[in-house]
Amino acid sequence: MYATEANLVARFGDEINNLKLMVTNPKFVEDAIQDATEEINGHIGGRYPLPLPNVPSNLKRMACDIARYRLYFEKPTDEVRQRYEDAIAFLKRVADNKAHLQIQLPETNEIVDDQPKNKPSTAPIGTTYTGGVFGDSILDQMPSMK
């Protein structure tokens, strides 16, 4: 998960405790954080290998904003809704490769940008492909079309 209940309380104070008092589910906050994590992963999973090696602070902030929005099960305030919409808009930009998360590797502190996930390799410009899809030994096993 990208955030904890302690992160939510640190950011939003008594508001989180007041929201918890309104429900009987003891896992209410944990469920909201899990929902936020899944929503984030749905956006960034196409660009970054999951789980992330390190959670950048902006992603932790967005997880808190999304979870907070989820905690308002009835009617969120305009400010809560706006923060949620801003977080989702940024995550959509990340998914469209128009924004980056700036993830640091924990061992080297090197910033890892997008690491391609199973993207096909291409031949350099000006080269000619001379091979076939199948080798001659495989083609010889196929029935002829006479």
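## Packing of H3 and H5

H3 and H5 pack with their axes 8 Å apart and at an angle of about 30 degrees, the axes being lines fitted to C-alpha atoms over the stretch in contact and the angles running from 0 to 180 degrees between N-to-C directions. H3 is therefore roughly parallel to H5; angles under 35 degrees count as roughly parallel, over 145 as roughly antiparallel, 65 to 115 as roughly perpendicular and the rest as oblique. Glu39, Ile40, His43 and Ile44 of H3 meet Tyr84, Ile88, Leu91, Lys92, Val94 and Ala95 of H5, where contact means heavy atoms within 4.5 Å. By class, the residues of the contact of H3 with H5 are 7 nonpolar, 1 polar and 2 charged (nonpolar: Ala, Val, Leu, Ile, Met, Phe, Trp, Tyr, Cys and Pro; charged: Asp, Glu, Lys and Arg; polar: the others, Gly among them).

This is a predicted model, in which local features need pLDDT of at least 70 and side-chain atom pairs count only at pLDDT 80 or more, while totals for chains, interfaces and linings use all residues. Residues are numbered from 1 along each chain as its sequence is written, and side-chain values use heavy atoms, with hydrogens and water left out.

## Overall layout

The chain has 6 helices and 2 strands, which are DSSP runs numbered from the N terminus (helices H or I, at least four residues; strands E, at least two). Along the sequence the pattern is α-α-α-α-α-β-β-α. Of the contacts in the chain with a separation of 6 or more, 70% are between residues 24 or more positions apart.

Of the 146 residues in the chain, 32% are buried (buried: under 20% relative accessible area; exposed: over 50%; partly exposed: in between; 1.4 Å probe, protein chains only). The chain exposes about 10,000 Å², and carbon and sulfur atoms supply 51% of this area; accessible areas come from the Shrake-Rupley method with a 1.4 Å probe, and for residues only the protein chains shown count as cover.

## Nonpolar core

The largest nonpolar core has 33 residues, of which Leu8, Ile40, Ile44, Leu59, Ile66, Leu71 and Leu91 touch the most other members. Such a core is a set of buried Ala, Val, Leu, Ile, Met, Phe, Trp, Tyr and Cys residues joined through side-chain atoms within 4.5 Å. Two or more residues each come from helix H1 (5-12), helix H2 (14-21), H3, helix H4 (57-71) and helix H5 (78-95). H4 gives the most, with 8 residues.

Leaving aside neighbours within four places in sequence, Leu91 is in contact with Ile40, His43, Ile44, Leu59, Met62 and Ile66.

## H1, H2 and Glu15

The axes of H1 and H2 come within 6 Å and cross at roughly 120 degrees, so the two helices are oblique to each other. Glu5, Leu8, Val9 and Phe12 of H1 make the contact with Asp14, Glu15, Ile16 and Lys20 of H2. These residues divide into 4 nonpolar, no polar and 4 charged.

Glu15, in helix H2, is buried, with a relative accessible area of 18%. Not counting residues up to four places away in sequence, Glu15 touches Arg68, Tyr72 and Val80.

Glu38 lies in helix H3 (residues 28-44) and is partly exposed at 49% relative accessibility. Glu38 and Met1 are 37 residues apart in sequence, with their C-alpha atoms 8.6 Å apart in space.

The peptide bond from Leu50 to Pro51 is cis, with omega near 0 degrees, and Pro51 is in the loop between H3 and H4. Asn97, in the loop between H5 and strand S1 (103-104), has a positive phi of about 65 degrees although it is not a glycine. Gln102, found in the loop between H5 and S1, has a positive phi near 60 degrees. Asn97 is partly exposed at 45% relative accessibility, and Gln102 is partly exposed at 42%.
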